[in-house]
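Here is a walk through one protein chain, feature by feature. Have the sequence and the 3D view open side by side as you read.

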Amino acid sequence: MGSAVRVLALVGPAVLLAGCSSAERPAVEAVATTFEDPSADPEVRCDLLAPMTLAALEEQAGAPCEEAVEELPLRGGDVTAVEIWGGDAQVRLDGDTLFLTETRVGWRVVAAVCTPRPERPYDCEVEGP
């Protein structure tokens, strides 16, 4: 009886976290795919950036976000994988990988146009400090 309780104590939180992650998946995917959609309103796409990432993009481009976002080499595509760890997420598309964080106003992109590097962190063209 004691071991069954321990198993439930260990499995219960994992099941709850998995349930939370799957409940967040549609919102995370919507933010990622809208940001990557070149036909979406540039102002809407900029609103999907985390504040520090938005500031970094504008500084790097030397232009307002609405202009800078249209110059990004976003490759988009279909969602191939979503991973959510508490308040952070990674969305892999056919042509790009994005990283998101949960803010008080919803999920926001903290890095995009990311390329995987063997045994090193992703190299991202758009990211905050």
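Is Val113 buried or exposed? Val113 is buried, at a relative accessible area of 3%. For that scale, buried means under 20% relative accessible area, exposed means over 50%, and partly exposed is in between, with a 1.4 Å probe and protein chains only. The areas themselves come from the Shrake-Rupley method with a 1.4 Å probe, and for residues only the protein chains shown count as cover.

Before going further, a word on what you're looking at: this is a predicted model, where local features need pLDDT of at least 70, side-chain atom pairs count only at pLDDT 80 or more, and totals for chains, interfaces and linings use all residues. Residues are numbered from 1 along each chain as its sequence is written, and side-chain values use heavy atoms, with hydrogens and water left out.

Now the overall layout. The protein has 4 helices and 5 strands, and reading from the N terminus the elements go α-α-α-α-β-β-β-β-β. Helices here are DSSP runs of H or I with at least four residues, strands are runs of E with at least two, and both are numbered from the N terminus. Of the 129 residues, 33% count as buried.

Back to Val113, which sits in strand S4, residues 106-117. Its backbone deserves a look too: Val113 has a positive phi of about 55° without being a glycine. Most residues other than glycine have a negative phi. Glu119 also shows a positive phi, near 55°, and is likewise not a glycine. Glu119 lies in the loop between S4 and S5, and at 86% relative accessibility this residue counts as exposed.

Next, the aromatic rings. Rings of Phe, Tyr and Trp (its six-membered ring) pair if their centres lie within 6.5 Å; planes under 30 degrees apart count as stacked, over 60 as edge-to-face and the rest as tilted. A search of the whole structure turns up 1 aromatic pair. Phe99 and Tyr122 make it, and because their ring centres are 5.2 Å apart with planes at 75°, the pair is edge-to-face. This pair links distant parts of the chain, with Phe99 in strand S3 (residues 97-103) and Tyr122 in strand S5 (residues 120-127), 23 residues apart. Phe99 is partly exposed at 21% relative accessibility, and Tyr122 is partly exposed at 24%.

What about charges? Side chains of opposite charge can pair when their charged atoms come close. A salt bridge is a side-chain nitrogen of Lys or Arg within 4 Å of a carboxyl oxygen of Asp or Glu, and the structure holds 2 of them. One joins Glu29 to Arg25, with the closest N and O atoms 2.6 Å apart. Both of these residues lie in helix H1 (residues 2-36), 4 residues apart, or about one turn of the helix. Glu29 is partly exposed at 22%, as is Arg25 at 35%. The other salt bridge joins Arg92 to Glu83, where the closest N and O atoms are 3.4 Å apart. Here Arg92 is partly exposed at 31% and Glu83 is partly exposed at 32%.

Then there's a negative surface patch, made up of Asp41, Glu43, Asp47, Glu66, Glu67, Glu70 and Glu71. Patches take residues with over 30% relative accessible area and no salt bridge; like charges are joined within 9 Å, and nonpolar side chains (Val, Leu, Ile, Met, Phe, Trp, Tyr) within 5 Å. Lys and Arg count as positive and Asp and Glu as negative, while His and the chain ends are not counted. The place of a charge is taken as NZ of Lys, CZ of Arg, CG of Asp or CD of Glu. Helix H2 (42-47) and helix H4 (65-71) each supply at least two residues of the patch, and H4 gives the most, with 4 residues. Glu66 is in H4 and is partly exposed, at 33%.

Pro73, in the loop between H4 and strand S1 (79-85), has its C-alpha atom 9.8 Å from that of Ala112, 39 residues apart along the chain.
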